[in-house]
Amino acid sequence: MKKTIKDFNLKNKKVIIRCDFNVPIKDFKITDNNRIVMSIPTIKYAIDNGAKVILMSHLGKIKTEADKKKNTLKPVALELEKLLNTKVKFIPFTRGKELEDAISSMNSKDVLLMENTRFEDLDGKKESNNDSELGKYWASLGDIFINDAFGTAHRSHASNVGIAENIDSGIGFLMEKELEILKPAIDKPKKPFIVILGGAKVNDKIKVIENLVEIADYILIGGGMCHTFLKADGYNMGNSLIDNDNIDFCANILEKYSKKIILPIDLVVNNEFKDTKGIVKSINELEESDISMDIGPKTIKLFAKYIKEGKEIIWNGPMGVFEFKNFEAGTKGICEAIKNNPGLTIIGGGDSAFALKKLGYEKDVTHISTGGGASLALFEGTTLPGIDIIPDKADDITNFKKKTF
Ligand code: AMP
């Protein structure tokens, strides 16, 4: 168990909280404030317990000076003020005198947000490459570090790993909840354990497949991914998206785990990649000009049968091009099947989380992860550097015993 914000006395302490405020912004207006809303419990707890709260986050990618203008965290400061109902002092710098002076003049319960941590990437990718001086510098601004940014936990950046290497650290409530649900779901899954994988490419999910195929009872594969599996199984996929480099990988998986991998039996195809009405074809009927855009109605029924039996369901990646109205039925069908399952149902962030919300099923699952990449890393069985660096509660007890006896 990792140390959490509750394990610290925060009163009058400068508490740096690394949040995930990487929200969509258009014309300086936040179009979806969910990530900010999710960060509020940890921030509120720090305020209520008398901390001097220093917030930091990345936003988008910073490759040029021009990127800085559209990726400033200023709109986030304004949104935070509304949600917290308190003043949030925004400092438009990631280092320097103005930031340091503002921090030294903070009182208990004050809240400060510094500028986008990735502004440091313009100078040799200091943030994203976990530059040791930068991590040390940011750590020097506070007394305690709380990492609540699950979305970047799979990355080793200066603003998560770098700071934690230098000061006493713990995790926040959002991070704690993600770990409480996702870790046991992978380490000790409830059986039957059903994994649903979709999305565009096999390549992004090779390690997930390799890891979960050992643990899961069944893996249902849809989305663009299924074409490469079906091609490896000898079917003509016409003009559909294929991951040619991974046909052998799919063939091997199918050979080794033929009973566990469940592939579509019909698909909805179109003759152009557009939002126009498609036609349903069995997987052996595709012609050269066909582009598979979604799983078909028989496949939805087949997948629903497996989902119904599952005590634990993990889903990552939409079943079709759900962004097009004509090809959302597969993803919607799976949402419906998951909604009817009373067991543990987990959505692994990213596009599947977006699809679920878009189609109105947000409230019908046990957990929607806030981190696409981070949850995939857990599904791959790899560790998360942003969390690994945080000490365990047990470490502290051991140290305490050593010191006392
Ligand atoms: P990922 O980020 O790998 O989860 O991929 C999500 C993307 O996969 C979405 O934008 C979907 O439109 C896309 N996708 C799903 N099914 C298909 C398909 N049959 N052909 C092409 N793209 C697809």
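So, Pro192 sits in the loop between helix 7 and strand 9. Helices here are DSSP runs of H or I with at least four residues, strands are runs of E with at least two, and both are numbered from the N terminus. The peptide bond that joins Lys191 to Pro192 is cis, with omega at about -5 degrees. As background, most peptide bonds are trans.

Before I go on, a word on what you're looking at: this is a predicted model, so local features need a pLDDT of at least 70 and side-chain atom pairs count only at pLDDT 80 or more, while totals for chains, interfaces and linings use all residues. Residues are numbered from 1 along each chain as its sequence is written, and side-chain values use heavy atoms, with hydrogens and water left out.

Back to Lys191. Which residue does it pair with in a salt bridge? Asp217, with the closest N and O atoms 3.4 Å apart. Salt bridge here means a side-chain nitrogen of Lys or Arg within 4 Å of a carboxyl oxygen of Asp or Glu. Asp217 is in the loop between helix 8 (206–215) and strand 10 (218–221), and Lys191 is in the loop between helix 7 (173–187) and strand 9 (193–197), so this pair ties together parts that are 26 residues apart in sequence. Both ends are partly exposed: Asp217 has a relative accessible area of 25%, and Lys191 has 45%. My cut-offs for that are under 20% relative accessible area for buried, over 50% for exposed, and partly exposed in between, with a 1.4 Å probe and protein chains only.

By that salt-bridge rule, the count comes to 18. One of them links the side chains of Lys393 and Asp7, at 2.9 Å from N to O. Lys393 belongs to helix 16 (residues 393–404) and Asp7 to the segment before strand 1 (14–18), so that bridge ties together parts 386 residues apart in sequence. Lys393 is partly exposed at 25%, and Asp7 is partly exposed at 37%.

Then there's Lys281, which makes a salt bridge with Glu287, closest N and O atoms 3.2 Å apart. Is Lys281 buried or exposed? Buried, with 9% relative accessibility. Glu287, on the other hand, is partly exposed at 48%. Shared partners join Lys281, Glu287 and Asp290 into one salt-bridge network.

Staying with charge: where do Lys61, Lys63, Lys125 and Arg155 gather? In a patch of positive charge on the surface. Patch residues have over 30% relative accessible area and no salt bridge, with like charges joined within 9 Å and nonpolar side chains (Val, Leu, Ile, Met, Phe, Trp, Tyr) within 5 Å. Lys and Arg count as positive, Asp and Glu as negative, and His and the chain ends are left out. Each charge is placed at NZ of Lys, CZ of Arg, CG of Asp or CD of Glu, and the areas come from Shrake-Rupley with a 1.4 Å probe, where for residues only the protein chains shown count as cover. Lys63 is in the loop between strand 4 (52–56) and helix 2 (65–70), and it counts as exposed at 63%.

Now for the inside. In helix 12 the buried residues are Gly330, Thr331, Gly333, Ile334, Cys335, Ala337 and Ile338. Their cover includes strand 9, strand 14 (291–295), helix 11 (297–309), strand 15, strand 16 (344–347) and helix 13 (350–358). Asn326 is in the loop between strand 15 (312–316) and helix 12 (329–339), and this one is partly exposed at 33%. Leaving out residues up to four places away in sequence, Asn326 touches Asp275, Thr276 and Lys277, where contact means heavy atoms within 4.5 Å.

Ile91, in strand 5 (residues 88–91), is buried at 2%. With that same exclusion of residues up to four places away in sequence, the contacts of Ile91 include Glu98, Leu99, Ala102 and Leu112.

Most residues other than glycine have a negative phi. Asn85, though, has a positive phi near 55 degrees; Asn85 is in the loop between helix 3 (74–84) and strand 5 and is exposed at 70%. Asn12 has a positive phi too, about 60 degrees, and lies in the segment before strand 1, partly exposed at 44%.
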